[in-house]
Amino acid sequence: MPGDAPPPSPSSSGHAGGRARLPEHASVVVIGGGIMGCSTLYHLAEMGAGDAILIERNQLTSGTTWHSAAQVRALRHSRNLTRLIQYSVDLYGRLEEETGQAVGWIQKGSLSIATNPDRLTHIRRQEALARAYGIDTRSLSPGEASEIWPLMRADDILGAVFSPDDGRVSPSDVCAALVKGARARGGRIFEETGITGILTENGRVRGVETTKGTVACDAIAVCAGLWSREVAALGGAAAPLLACEHFYLLTRPVPGMSGNMPTLSDHDSHLYIRDDSGGLLVGCFEPMGKPIAPGTLGETFAFGLLPEDWDHFEPMMLNALHRLPALETAEVKMLLNGPESFTPDGTFMLGETAETRGLFLGCGMNSVGLAAGGGAGMNLAHTIVHGHPAYDLTEADAKRFAPVFNSLEHLMARAPEVLGTHYDIAYPGKQFKTARSLRRLPLDAQYRAAGAHMGQVYGWERPLYFGAAAAPRLTFDRPDWFDTVRAEVMAAHEHAAIFDASPFGKIEVAGPDAEAFLLRCCAGHVGRAPGSVIYTAVLNARGTYETDITAQRLSETRYRLFVGTASIRRDLSWLTRQTDGFNVALRDVTEDYAVLGLMGPDAARIAQGLGARDIGAIGYFKHAVVTMAGRAVRAARISYVGEAGWELTCAAGDAPALYAAMAEAGAVPAGLYAQTSMRIEKGFCAMGHELDSDVSPIAAGLAGLTRKSGGFLGADALRERQSRGETGSIVSLAFQDKAAVPLGHEPVLVEGAIIGQTTSCAYGHRVGAPVALAFVDRPVANGDIVSVDIAGVQFAATVASGPLFDPAGARMRSKG
């Protein structure tokens, strides 16, 4: 909190706190008294868990919350993260009326400026996105921006965007209001009570051990901020986050500053600027932060700060002096250096851990704790009470990180970079540079020799495209990899290409009840005979997607499931928790096997020439073991790219020989960008893009792949959705202007009204136009023309109710 001294604890108005006796049992124990802990307790009590308690080692708001600059900016990169912060805004607005406790809500908006063309495109894309999410934003000229911020130098500004509904709060006052509201519903707070252990039994939490005694409980919410990684480890779970130093400058009153002003975002200079008690607050997210080694912040670090570091801050100070000439004569009050925690991808962690039932994370807030805390606390409480968040938050799921990311070595490297990307321009194709090569594919060396440009997915290094002589130029225009990807697509379309699906998660399900178990968990036809391949939705009780999988039935009692690369821990955890009453065993075999997709009209000729003479006899959605290049290979006749071929599964150690033989026979490697382009042309949906836990198979147009007989989890909810008249809402779009570069999340409009949003986008090399999949909330017909807003420019696109590219009739050449 800006100022010279830490605020009083929100609990100081008087309550039992650390003096009261802990209860013997609580339904939920919240660990940590910052914004996330206070918000979670408030919402637990609001949702009926009135016996929930909060335990804080020191005092409420200690650690990070008390010194937060407390900006609340609603717009995020996705609809639901934006929705989450919009909830925070609404909550902070009503807390004072509910509790009588002021929260210090100051709603003066935010002003984002651009000083280079790409930043201008970036903020105009944000403006379009904001309109799609119902957020009031408007473009301003440099002159108009100067009128809002007269102290700002504006001669180098190209444009600006103003968001009038953004604001800021007082961290200690917000927590005080949340605590007051929680107490009114029965919630209790125990300060100066440290956690010394987490009790578990059979993989489930049973209680907490504290410096004041033991509390039995059914669930634990780890909201311990900077110390969450260590607390989660007490319960046997990973919480990959690391603290970094975060700086902001405070000045004495400055002439010309009068009253409250919008927060000024000069992200090209890595700065945020606002008024503070008549002076200036100048904060930064410098290009590379300073990590704080674990153990540096001890148990007594409560309202402490880290030493000023003017040498580190100097480049940011020079940027600030350029933007605010008045700063040159301002009297500096202090350079505040407080710790903030960061995750490997820059998004907080929310939800139940993969390792321990009943252990939930609400931490790693990446400097947006006050903005996100209201909505994140609500969603964490909702997950604890109802078993799922209020809306899909897969991007924040606590189970999304590969275990390797919990390594201190990797966190110390990655967290400072994550801090530095806080204000990055959102270029397509941008990759992290630190903590790389954590997991390598069986063909990593071969791909690098072929000129692969790699991208990191769940720790794996995956080829994005090939033939890259140098690092690509990041741009919003046609990318440097355009021609390379086109060549890969056309190789698959006209000859044969190899797509590596090895990092896809692989789960073996075995046991006498394997079929019954999967019939319960899966909505598709998983009861088909051994030798079948089944694509199926896995639904939750709400009739929406938990995940989608491809299942190969290997025998009467054994299946192999293929799941998304980044969802293996989440999916394995969810499936494992459905096994009660079934005699089955689940096992992660991802690293045991390589999977190579051989696709294109020459695929059969190549496979037959390598010894799989009967591969053509394998029917669609069937699989069989064949011999290729002297290796046993399980060939499945399916395709994710709209070209005929097989997905070939072999032992990981056999992949180099198989790949070498196919390449020698004429197949070329193709990367993830080519695969994505072809997927969109074919109209195939993907988890995290078109499919998530807010979407049902009906909305996705995939209800025909579910069993009409029911009997699966979510069947009743799906029938209810059908009875309500829910319809499909995903369409394909082909852009009329070949120079358009859609990236995803762009608003789709008809006659000026927003009717939806793009989900997946690429250039469609087989159809010769930019292409997209989009969700629309009102019917559009095949052939209709819609507009897509790309950074404020309207591009016409033609609607297709089916795939833009249909390979029906495409021939597969074979040896006669």
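Is Met36 buried or exposed, and what is its relative accessible area? I looked this up first. Met36 is buried, with a relative accessible area of 5%. Buried means under 20% relative accessible area, exposed over 50%, and partly exposed in between, with a 1.4 Å probe and protein chains only.

**Ground rules.** I am working with a predicted model, where local features need pLDDT of at least 70, side-chain atom pairs count only at pLDDT 80 or more, and totals for chains, interfaces and linings use all residues. Residues are numbered from 1 along each chain as its sequence is written, and side-chain values use heavy atoms, with hydrogens and water left out.

**Met36.** I found Met36 in helix 1. Helices (H or I, at least four residues) and strands (E, at least two) are DSSP runs, numbered from the N terminus. Next I listed what Met36 touches. Leaving out residues up to four places away in sequence, its contacts are Cys223, Gly362, Met365, Gly373, Ala376, Gly377 and Leu380. Contact means heavy atoms within 4.5 Å. I also checked Pro291, which is 255 residues from Met36 along the chain. Their C-alpha atoms are separated by 22 Å.

**Helix 1 and helix 2.** Helix 1 covers residues 35-46 and helix 2 covers residues 79-99. I noted that their axes come within 14 Å and cross at roughly 70°. Axes are lines fitted to C-alpha atoms, for helices over the stretch in contact, and angles run from 0 to 180 degrees between N-to-C directions. Helix 1 and helix 2 are therefore roughly perpendicular to each other. For angles, under 35 degrees counts as roughly parallel, over 145 as roughly antiparallel, 65 to 115 as roughly perpendicular and the rest as oblique.

Which residues meet here? From helix 1 I have Ile35, Tyr42, His43 and Glu46. From helix 2 I have Tyr87, Leu91, Tyr92, Arg94, Leu95 and Glu98. By class, this contact has 6 nonpolar, 1 polar and 3 charged residues. Ala, Val, Leu, Ile, Met, Phe, Trp, Tyr, Cys and Pro count as nonpolar, Asp, Glu, Lys and Arg as charged, and the others, Gly among them, as polar.

**Helix 2 and helix 8.** I then followed helix 2 to helix 8. Their axes are 7 Å apart, at an angle of about 100°. That makes helix 2 roughly perpendicular to helix 8. Helix 2 brings Leu84, Ile85, Tyr87, Ser88, Leu91 and Tyr92 to the contact. The helix 8 side includes Leu370, Gly373, Ala376 and Met378. The class tally is 10 nonpolar, 5 polar and no charged.

**Cores.** How many residues are in the largest nonpolar core? I read 87. A nonpolar core is a set of buried Ala, Val, Leu, Ile, Met, Phe, Trp, Tyr and Cys residues joined through side-chain atoms within 4.5 Å. Val29, Ile220, Tyr447, Leu561, Leu598, Met628 and Met662 touch the most other members. Helix 15 (residues 655-664) gives the most to this core, with 5 residues. Apart from this core lies another, of 56 residues, among them Val174, Phe348, Leu380 and Tyr391.

**Salt bridges.** I counted 42 salt bridges in the structure. A salt bridge is a side-chain nitrogen of Lys or Arg within 4 Å of a carboxyl oxygen of Asp or Glu. I picked out Asp345 and Arg400, with closest N and O atoms 2.8 Å apart. Asp345 sits in the loop between strand 17 (332-342) and strand 18 (349-352), and Arg400 in the loop between helix 8 (369-386) and helix 9 (408-420). The pair is 55 residues apart. Asp345 is partly exposed at 33%. Arg400 counts as buried at 13%.

My next pair was Arg679 and Glu690, at 3.2 Å, N to O. Arg679 lies in helix 16 (residues 672-682) and Glu690 in the loop between helix 16 and helix 17 (715-723), so the pair ties together parts 11 residues apart in sequence. Both residues are buried.

**Positive phi.** His745 is not a glycine, yet has a positive phi of about 75°. Glu751 is not a glycine either, and has a positive phi of about 50°. His745 is partly exposed, at 34%. Glu751 counts as exposed, at 82%.
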